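Please keep the sequence and the structure at hand while reading.

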Amino acid sequence: MEDAGAETVHGLSLYDQPELPPDFTHFPYVNPDAPKGGSMIQAAVGSSFDSTNPFIIRGTPATGIGEIYDTLVESNPGEPFSVYGLLAKGIRLDPERHWIEFDLRPEARFHDGEPVTAEDVVFSFNLLREQGNPFYGAYYADVESAEALDTHTVRFNFSNNGSRELPLIVGQLPILPKHYWQDRDFSSPTLARHPGSGPYRIAEVDPGRRIAFERVEGYWGETLPVKRGRHNIDRLVYDYYRDRDVAMEAFKAGIIDLRIDARAATWATGYDFPAFHEGYVKRLTIPDGQPARMQAYAINLRKEKFQDRRVREALNLAFDFPWLNANIFYDTYQRTESFFQNSDMAAEGLPSARERQILEPFRDQLPDRVFQEPLPIEHPIQLRDRLQRAYELLLDAGYEVRGETLVHAERGTPLTVEVLLYDTGMERVVQPLLRNLSRLGIQGSIRIVDVNQYLNRLRSFDFDLVTAQFPQSNNPGNEQREYWTSDYAEQPQARNLMGLSHPVVDSLVEQLIRAGNRESLNAHAQALDRVLRHGFYVIPHYHSGETRYAMWDKFEYAELPEFGTDLASWWVDPQRAREILERQGRR
């Protein structure tokens with residue numbers, strides 16, 4: 001079904017044409033003839049799970065569950081943002097960008113053998129927006145409706161045509177089987193092995209302890225260009241550990257095959273064991289192809305004590321990154337300054353002419369420093385000077401010292417800060433912050449709870465500070481609504497953990513989403529970055545600019561894609577796997 005003026009194409013790119021031609025046979029970085037077989041066991045640390053439904057607010061979803069689902073299109077990690085047909089064999093985008101149509105592949109099947117139809121796509125879209133995580137409402141806010149034009153053709157209608165990324169991200173919608181879910185309670189956690197249409201199915205569910213996936217023999221999409229040479233490993237397993245040190249011991253014993261090592265101390269000193277020295281274990285450092293992830297303490301603005309910007313800036317000053325890096329992190333990290341770190345979207349210096357043009361209409365709603373002070377914000381380097389500046393800010397904010405306690409002069413209440421954690425590994429990072437706060441008269445504490453209580457407290461906004469992450473791609477867009485805007489400030493399980501609700505931020509996010517070219521996107525991201533950083537809504541942590549993998553040396557890959565790691569393109573070397581098993585004595 002082809003609409004006049006809309007050409008049917010094999011892929012889309014954000015600002016130009018996709019790099020791969022219509023007759024491409026596989027992604028360039030994969031081995032199209034990679035052998036199938038073997039297993040990959042990873043650890044899920046510091047958590048448990050009680051649900052195989054990853055799309056809802058309730059419950060804790062199992063790690064890796066996305067492996068069972070297909071989407072309409074597949075991204076190529078070798079390009080900044082291009083997508084190619086997966087469930088969709090053809091794509092038509094209205095020249096005026098008011099709608100997009102996808103022609104489904106008639107051969108596409110769910111794991112139970114039922115065909116994937118346009119009705120499944122419409123059902124999935126409506127279900128996720130109405131009953132799913134708030135993310136879907138934010139991500140697809142500009143989609144007016146989805147309609148099945150016939151059995152294998154679906155159209156998404158847009159409420160406006162201002163977002164360049166919307167036609168691409170609509171294709172990222174996970175497709176669920178209508179025949180399975182329509183008579184079940186989608187909003188409740190479940191441990192059922194429900195069907196998807198992806199390359200893996202759920203093979204084993206041991207609640208809170210293990211989940212395993214098996215490669216689908218005869219997977220309908222195995223020979224498609226976007227899948228050829230990928231999903232080679234027969235069995236993917238996630239074992240759950242509450243403590244990362246125990247998980248490390250499991251790795252050293254060969255119980256775990258592969259781990260991402262996020263702890264600098266372990267990376268620097270933790271690999272002094274025989275299997276590593278004998279060459280059976282290797283390490284791999286892969287540069288991040290995306291902006292560095294912003295990890296930070298999110299400050300709960302819903303609490304009156306944190307609504308004063310001066311208090312939030314004082315908390316930022318008490319975070320002593322140089323001491324942490326030298327004494328805990330082996331000087332392996334850099335301080336994160338920007339929400340778009342390591343990219344052209346990060347704001348630097350004073351606002352550019354284009355940034356000023358974007359920010360000028362909001363001058364009366366923003367502090368003067370946004371226009372007058374360069375970024376990074378100039379704070380003292382030495383801790384003593386930082387704490388002196390923090391103390392001055394707290395006095396300006398109406399606090400005074402009574403005895404050894406900082407108390408609000410009018411309210412008479414002491415300033416207290418509790419950091420909520422579920423992972424004991426972060427305790428050593430929090431303690432130095434609390435020591436510095438105590439020098440200011442602020443009563444600080446750590447509350448460590450199990451993961452279910454942790455999630456419940458997040459959903460009810462029952463915290464002062466909590467560790468949050470705000471990952472960014474090279475092409476930020478609709479997901480920024482859920483990070484920063486007023487509509488998601490009081491939404492349980494939305495990623496706006498701070499409760500940030502500011503009309504200028506709301507407007508800047510909408511303008512960013514509607515940026516018409518790369519130059520405009522960069523300028524709007526810089527303007528948003530500048531406003532967020534001058535608001536001190538979080539206490540930024542640190543980043544390495546790379547991902548550190550440690551693995552038993554049985555995995556192979558052809559090349560690494562430019563903009564991310566694709567473990568799906570890896571495979572197991574059977575001979576090497578046998579040698580490792582013999583060495584471990586686990587025949």
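The largest cavity has a volume of about 70 Å³, where a cavity is a set of points, on a 1 Å grid over the protein atoms alone, at which a 1.4 Å probe fits but cannot get out, and a volume is the space filled by probe spheres set on the points, with grid points joined across faces, edges and corners. The model is a predicted one, in which local features need pLDDT of at least 70 and side-chain atom pairs count only at pLDDT 80 or more, whereas totals for chains, interfaces and linings use all residues. Residues are numbered from 1 along each chain as its sequence is written, and side-chain values use heavy atoms, with hydrogens and water left out.

**Cavities and a pocket**

Among the residues that line the largest cavity are Leu14, Tyr15, Arg164, Asn478, Leu512, Ile513 and Leu521, a lining residue being one with an atom within 4 Å of a point. The count of cavities of 30 Å³ or more comes to three. The second largest pocket has a volume of about 450 Å³; a pocket is an open set of points with protein on both sides within 12 Å along at least five of seven lines. Of the 22 residues that line this second largest pocket, Arg335, Glu337, Ile377, His379 and Arg386 are the closest to its centre. Helices α9 (321–327) and α17 (518–535) and strand β22 (538–540) each supply at least two residues of the lining; helices (H or I, at least four residues) and strands (E, at least two) are DSSP runs numbered from the N terminus.

In helix α16 (residues 503–513), Val504, Val505, Leu508, Val509, Leu512 and Ile513 are buried, with buried meaning under 20% relative accessible area, exposed over 50%, and partly exposed in between, for a 1.4 Å probe and protein chains only. These buried residues of α16 pack against α10, α15 (479–484) and α17, contact being defined as heavy atoms within 4.5 Å.

In helix α18 (residues 574–584), the buried residues are Ala577, Ile580 and Gln584. Seen down the axis of α18, they fall within an arc of 60°, so they line one face of the helix; the arc is that of the directions from the helix axis to the C-beta atoms. An α-helix has 3.6 residues a turn, so residues three or four places apart point the same way. The buried residues of α18 pack against β24 (546–552) and β26 (571–572). At the N-terminal end, aspartate 573 caps α18 through a side-chain oxygen that lies 3.0 Å from the backbone nitrogen of glutamine 575, and α18 is followed by glycine 585, whose phi is positive, near 70°.

Strands β17 (residues 399–402) and β18 (residues 405–408) run antiparallel and are joined by four bridges, where two strands pair if DSSP finds at least two bridges between them. Valine 401 has leucine 406 of β18 as its bridge partner. Two residues lie between the strands of this hairpin, in which glycine 403 takes a positive phi near 70°.

A cis peptide bond, with omega about 0°, joins leucine 375 and proline 376, and proline 376 lies in the loop between α11 (369–372) and α12 (383–396).

**Two buried residues**

Tyrosine 542, placed in strand β23 (residues 542–543), is buried, with a relative accessible area of 9%. Leaving aside neighbours within four places in sequence, tyrosine 542 is in contact with residues including Gln295, Phe319, Phe329, Tyr333, Arg335 and Met426.

Asparagine 53 lies in the loop between β3 (39–45) and β4 (73–75) and counts as buried at 2% relative accessibility. A polar atom of the side chain of asparagine 53 lies 3.0 Å from the backbone oxygen of phenylalanine 186. Not counting residues up to four places away in sequence, asparagine 53 touches Pro61, Trp181, Phe186, Ser188, Thr190 and His194.

How values were computed: A polar contact is a pair of N or O atoms within 3.5 Å; within protein, one must be able to donate a hydrogen and the other to accept it, and residues adjacent in sequence count only if both atoms are side-chain atoms.
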